[in-house]
Amino acid sequence: MNQKLIKEFEKLLGKNRVLSETEELLCYSYDATSKEFMPDVVVFPLNSNEISSIVKLCLQYDTPIVGRGSGSGFSGGSLPLKGGVVVSFTKMNRILELDEENMFVTVEPGIINADLKFYLADKGYFYPPDPASYEFSTIGGNVAECSGGPRALKYGVTKDYVVDIEIVTGEGEIINSGSKAIKDVSGYNITQLMVGSEGTLGLFSKITLRFLLKIGGSSLILVSFDDTDKGVKAAISLLKLRNRPSMLEFMDKFSIESVRNYFKSNIIKIDGTLLFIVEADGSESDVEKSVAEYSRVLKEFSPISLFIANDEGEKRVIMEARKAISPSLRRYGSLKINNDIAVPIGKIKNMLFYLEGIAKKYDIPIINFGHFGDGNIHVNIMLDKENDDMIKKGEEAKRDILKKVVELGGSLSGEHGIGLEKKEFMKLRYNTYHMDILKNIKKAFDPQNIINPGKIF
């Protein structure tokens, strides 16, 4: 890297907000994937004007720039593929405004999802998006990836709560994408374009979100089936109810087996070939009615077990078992190819049977779980990182799986993004004309292609 640029950053931000030593940079070279790319320098801005100045310096020195929150992504979206500058938002973590009259909150991109949740909960409010990483992932990262979570079934995903974003474009210009107005069709919807853009169109400096009134209570139903077909039909029956669950998570037989061996509990029984976690929330009377209705529907499909958790301890154990899936998978292999595919609800059964066939075809473990309510399946291809032949099979299996997803009318990614991990597969879904449209959108916001280059396409 040009040492003059580093000096410029130090002059702009002060030496304490610029990192350039190798041992310091290592911490910003990886995310939740197995890939690593070293940045040349890491900078810590405090506001949009500083971000704008950083971008303009990078333009002057023709240097790529990548935004980074907590680095918890699964697609390589925050990795500095071409070196250059990593903009860390860890110091931009404040709540800037709470508008209780209109029920909006404006935050900086580096605030942790959980911190925002707790802040609002203390005031009687509720911010629904709850990705598995909510305890450490940032709101800026959630917006960049359009994060979802278990309660997306009832409450939606991140895009449903973002109303305005302050953006620093690839030319260093500062723009606002939306407004607090309920109705706003003044031009193109740039806000929704930015949500899920994976940090490729600009750097976020402020984000305005809507929130809800705090919900009452909740109960969980843990139900399992010894027949996948029956289990899928039971779940779809729940989704057809006027009063749908707030959560409908599932585990296939391999993830059930993995958790059973990893997570020991005398409270709940983890068994069967297909298991669901069903949540009912609302007032005490609403929860009671919902649990009765869900239980009645589920029993029509002859489950092998059905457990209702009402107290906080039992609910906590069930959700801890759900969180235990990922760490429990280490028994299957030292390397994981993670895919978060999404298919139409009616195609989930087809996809699960196909995944079982692919595991047999390549003789590799493939473990599946996820959010049944929105068709989001987390596909985990487990491999031995020392076995090159096995890794080759895993990559071939990944390609077959993504081809099938497109064939079923699904999406290559439900909530983790394309990033580095899936960009070569975009052509499976989009033709050249469509891809050119995407590239031209990128060019409009970032003419010199310095903002997170090399991602998505």
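## A buried serine

A residue is called buried when its relative accessible area is under 20%, exposed when over 50%, and partly exposed in between (1.4 Å probe, protein chains only). S75 counts as buried because its relative accessibility is 2%. This is a predicted model, where local features need pLDDT of at least 70, side-chain atom pairs count only at pLDDT 80 or more, and totals for chains, interfaces and linings use all residues. Residues are numbered from 1 along each chain as its sequence is written, and side-chain values use heavy atoms, leaving out hydrogens and water.

You'll find S75 in the loop between β3 (65-68) and β4 (85-88); helices (H or I, at least four residues) and strands (E, at least two) are DSSP runs, numbered from the N terminus. Leaving aside neighbours within four places in sequence, S75 is in contact (heavy atoms within 4.5 Å) with residues including D31, E198 and H416. A polar atom of the S75 side chain sits 2.9 Å from the backbone oxygen of H416.

## One face of α9

Which residues of helix α9 (residues 253-262) are buried? They are S255, I256, S258 and V259. Looking down the axis of α9, these fall within an arc of 165° (taken from the directions from the helix axis to the C-beta atoms), so they line one face of the helix. Among the elements covering them are β13 (247-252) and β17 (366-371).

## Two positive phi values

Most residues other than glycine have a negative phi. C146, though not a glycine, has a positive phi of about 50°, and E198 has a positive one near 60°. C146 is buried at 14% relative accessible area, and E198 is buried at 6%.

Terms used:
A polar contact is a pair of N or O atoms within 3.5 Å; within protein, one must be able to donate a hydrogen and the other to accept it, and residues adjacent in sequence count only if both atoms are side-chain atoms.
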